[in-house]
Amino acid sequence: MYIRGKMKIWNIPYGKKFVVCLTHDVDEIKKTYQYITYSLRSIQNRNFNILKNQYISFLEKLKGKEPYWTFEEIMDLERRLGVRSTFFFLNESAKVKIFDRSTWRHYGRRYDITDKKVAEMIRTLHSEGWEIGLHGSFYSYKNIKLLKKEKEMLEKVLGAEVKGIRQHSLNLEIPQTWQIHEKLGFEYDSTLGFNDRVGFRWGICYPFHPVDGEGRPLKLLEIPLAIEDIALFRYDNPWAVCMKMIEEVERKGGVLTVLWHHSVFNELEFPGWAEIYEKLIKVCKEKGAWITTAGEIAKWWKMQEGNK
């Protein structure tokens, strides 16, 4: 296994019992092909309520309300709860083939991070305490030149160094992807996880340093992903699954990394998803968790290593 043993002492700051890492992958900012695929799926499943909501969503889009532009809603929610999160922004360049449905998603995700509205939102998030990370494009996990270009472009927009990354679709070639991330100067990665189920992919809820193929520990810190929204809401009782994960990490004094895509804070099309995100934060606060960004966790973890 490409892992260096976890630290013997994990001093969680502020006297907290465990850690919750809040993250959002910004896969797309405009709804496009999903009007077709979601509608077809709802007809196939005979779920006409979803079909009706797709129609309402489309009408709202025609009136100028973009269903996937939910940044203000997330910021308002997290301000109210007194927390901050990490936003991983994507710069997709994968080719789209009109007769290959599997490539359609690349079209929807090819937004321009240098666009004035997008760039201003990135800088606003950063200036108000949210962290900006890179969401590596679909093939960047094995292409250092492509990923370098994406990192430099995001840093130019942000006006600051980008220290964290999560690969799109959780694409990960072990240990090559981690080696690429280290060479490009990323301090941490948060790709290791599942996108088809909830759980700990390597049975670990602590950050760790991966090792390369020769057993050399990397400077790069991996912050494993535990809960992805899309996987979570495939379960019959998503909240019960959340509570099980929370209690497990609380017992271990570890890190619960959660991913809620920014687009699902659209109540019309994803009813209850934002509500469970809010409930998760509230319950973890009551249980004494340190709730923060991936960058702050990486900073604290490395500081503890330096003090050993």
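## Close-up views of a predicted model

View 1. The structure shown here and in the following views is a predicted model. The residues of α6 that are buried are L146, L147, E150, K151, L154, E155, V157 and L158. Seen down the axis of α6, these buried residues fall within an arc of 165°, and so they line one face of the helix. On the other side of α6, the residues K145, K149 and K156 are exposed.

**View 2. Helix α6 from end to end.** With 15 residues, α6 reaches 21 Å from its first C-alpha to its last, which is close to the 21 Å expected at 1.5 Å a residue. The N-terminal end of α6 is capped by N143, which has a side-chain oxygen 3.3 Å from the backbone nitrogen of K145. Just after α6 comes G159, which takes a positive phi of about 75°. The charged end of K151 sits over the ring of F186, 5.3 Å from the centre of that ring, and K151 is also one of the buried residues of α6.

**View 3. Helix α7 and the elements it packs against.** In α7, which spans residues 176–183, the buried residues are T177, W178, I180, H181 and E182. These buried residues pack against α6 (144–158), β4 (164–167), β5 (188–189) and β6 (221–222). After α7 comes G185, whose phi is positive and near 90°.

**View 4. The loop between β4 and α7.** S169 lies in the loop between β4 and α7, and S169 has a positive phi of about 60° although it is not a glycine. L170 is found in the loop between β4 and α7, and L170 has a positive phi of about 55°, again without being a glycine. S169 counts as partly exposed, at 23% relative accessibility, whereas L170 is buried, with a relative accessible area of 10%. P175 also has its place in the loop between β4 and α7, and the peptide bond that leads from I174 to P175 is cis, with omega near 0°.

**View 5. A buried glutamate in a loop.** E92 is found in the loop between β2 and α4 (104–108), where E92 is buried, with a relative accessible area of 5%. The side chain of E92 reaches the backbone nitrogen of F138 at a distance of 3.0 Å.

View 6. The structure holds 15 aromatic pairs. In one of them, the rings of W202 and F208 have their centres 5.9 Å apart and their planes at 25°, so this pair is stacked; F208 counts as buried, at 1% relative accessibility. Another aromatic pair, formed by F233 and W260, is edge-to-face, with 6.4 Å from centre to centre and 85° between the planes. This pair links distant parts of the chain, 27 residues apart, since F233 lies in the loop between α8 (229–232) and α9 (238–252), and W260 in the loop between β8 (255–259) and α10 (273–286). W260 counts as buried, at 0% relative accessibility. One aromatic cluster is formed by F233, W260, F265, F270, W273 and Y277.

**View 7. A lysine over a tryptophan ring.** The charged end of K117 sits over the ring of W69, at 4.4 Å from the centre of the ring.

Definitions and conventions. Residues numbered from 1 in each chain as written. Predicted model: local features only at pLDDT ≥ 70, side-chain atom pairs only at ≥ 80, totals over all residues. Heavy atoms only, no water. Buried < 20%, exposed > 50% of the residue type's maximum accessible area, 1.4 Å probe, protein only. Helix = DSSP H or I, 4+ residues; strand = E, 2+ residues; numbered from the N terminus. Contact = heavy atoms within 4.5 Å. Expected span 1.5 Å × (residues − 1). Arc of directions from axis to C-beta. Polar contact = N/O pair within 3.5 Å; in protein donor to acceptor, adjacent residues only side chain to side chain. Phe/Tyr/Trp six-rings, centres within 6.5 Å; stacked < 30°, edge-to-face > 60°. Lys NZ or Arg CZ within 6 Å of the ring centre and 35° of its normal.
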